[in-house]
Amino acid sequence: MGMDRATLSIDSLPVVASGVVAKLDDIVAQAKKAQQERARSYREQALKILPWICGRCAREFGRERVRELTVHHKDGNHDNNPPDGSNWELLCVYCHENEHARVEDSKFEKPGGPEPDSGSRHRPFEGLDELLKKKK
């Protein structure tokens, strides 16, 4: 069909390549679904074991407004979900947003200033350089 490489588009990829794209789309969709299910599961656990009170503003929530409570991971690691709830606190949507905004704002603090009170202490790549050195 006389197409040069410059005119190729995603629509003109061979069937095999489009199959790979479809497979990748499926993998991404499954990962998103699994993450939502995990979040739903630890939210349900947190609502069973923790009082329905915002951990920051102390506002109490009844059944009709419990959807406004969110689960905040104290250490910032969303994969750290102990069954006793020790890494969770319930925050209203406003306080939860504020908590995460404070973490983002602390990234722009001047060196030597007061140490920001960040709830996020999870460092997923901490020590990675040492592990990589051992591999060599």
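1. Overall fold. The protein contains three helices and two strands, where helices (H or I, at least four residues) and strands (E, at least two) are DSSP runs numbered from the N terminus. Along the sequence, these elements follow the pattern α-β-β-α-α. The model is predicted, and local features need pLDDT of at least 70, side-chain atom pairs count only at pLDDT 80 or more, and totals for chains, interfaces and linings use all residues. Residues are numbered from 1 along each chain as its sequence is written, and side-chain values use heavy atoms, with hydrogens and water left out.

2. Burial and surface. Of the 136 residues in the protein, 21% are buried; buried means under 20% relative accessible area, exposed means over 50%, and partly exposed lies in between (1.4 Å probe, protein chains only). The protein exposes about 10900 Å², and carbon and sulfur atoms supply 56% of this area. Accessible areas come from the Shrake-Rupley method with a 1.4 Å probe; for residues, only the protein chains shown count as cover.

3. Contacts across the sequence. Among contacts in the protein with a separation of 6 or more, 50% are between residues 24 or more positions apart. A contact here means heavy atoms within 4.5 Å.

4. Strand pairing. E1 and E2 run antiparallel and are joined by five bridges; two strands pair if DSSP finds at least two bridges between them. Within this pairing, Val71 stands opposite Leu90 in E2. Five of the five residues of E1 are buried, so this strand is largely enclosed by the rest of the structure. Leu69, Val71 and His73 point one way from E1, whereas Thr70 and His72 point the other way, and all are buried.

5. Nonpolar core. The largest nonpolar core has 13 residues, and those with the most contacts inside it are Cys54, Val71 and Leu90. Such a core is a set of buried Ala, Val, Leu, Ile, Met, Phe, Trp, Tyr and Cys residues joined through side-chain atoms within 4.5 Å. H1, strand E1 (69-73) and strand E2 (88-92) are the elements that give two or more residues to this core. The largest share, four residues, comes from E2. In soluble globular proteins, nonpolar side chains tend to be buried together.

6. Surroundings of Cys54. Not counting residues up to four places away in sequence, Cys54 touches Arg59, Phe61, Leu69, Leu90, Leu91, Cys92 and Cys95. One of these partners, Leu90, is also listed with Cys54 among the core residues with the most contacts.

7. Arg43 is found in helix H1 and is partly exposed, with a relative accessible area of 23%. Arg43 and Val71 are 28 residues apart in sequence and 6.1 Å apart in space, C-alpha to C-alpha. Leaving aside neighbours within four places in sequence, Arg43 is in contact with Val66, Arg67, Leu69, Thr70 and Val71.

8. Salt bridges around Glu99. The structure holds six salt bridges, each defined as a side-chain nitrogen of Lys or Arg within 4 Å of a carboxyl oxygen of Asp or Glu. In one of them, the side chains of Arg56 and Glu99 meet at 2.9 Å, N to O. This pair links distant parts of the chain, with Arg56 in the loop between H1 and E1 and Glu99 in helix H2 (residues 93-106), 43 residues apart. Arg56 is partly exposed at 39% relative accessibility, whereas Glu99 is buried, with a relative accessible area of 2%. Glu99 also forms a salt bridge with Arg102 (3.0 Å, N to O). Both of these residues lie in helix H2, three residues apart, about one turn of the helix. Arg102 is partly exposed, with a relative accessible area of 32%.

9. The side chains of Glu104 and Lys107 meet in a salt bridge (3.0 Å, N to O). Glu104 is partly exposed at 40% relative accessibility, and Lys107 is exposed at 56%. Salt bridges that share partners join Arg56, Glu89, Glu99 and Arg102 into one network.

10. Nonpolar surface patch. Val20, Leu24 and Ile27 make a nonpolar surface patch of about 270 Å². Patches are made of residues with over 30% relative accessible area and no salt bridge, with like charges joined within 9 Å and nonpolar side chains (Val, Leu, Ile, Met, Phe, Trp, Tyr) within 5 Å. Leu24 is found in helix H1 (residues 15-49) and is partly exposed, with a relative accessible area of 49%.
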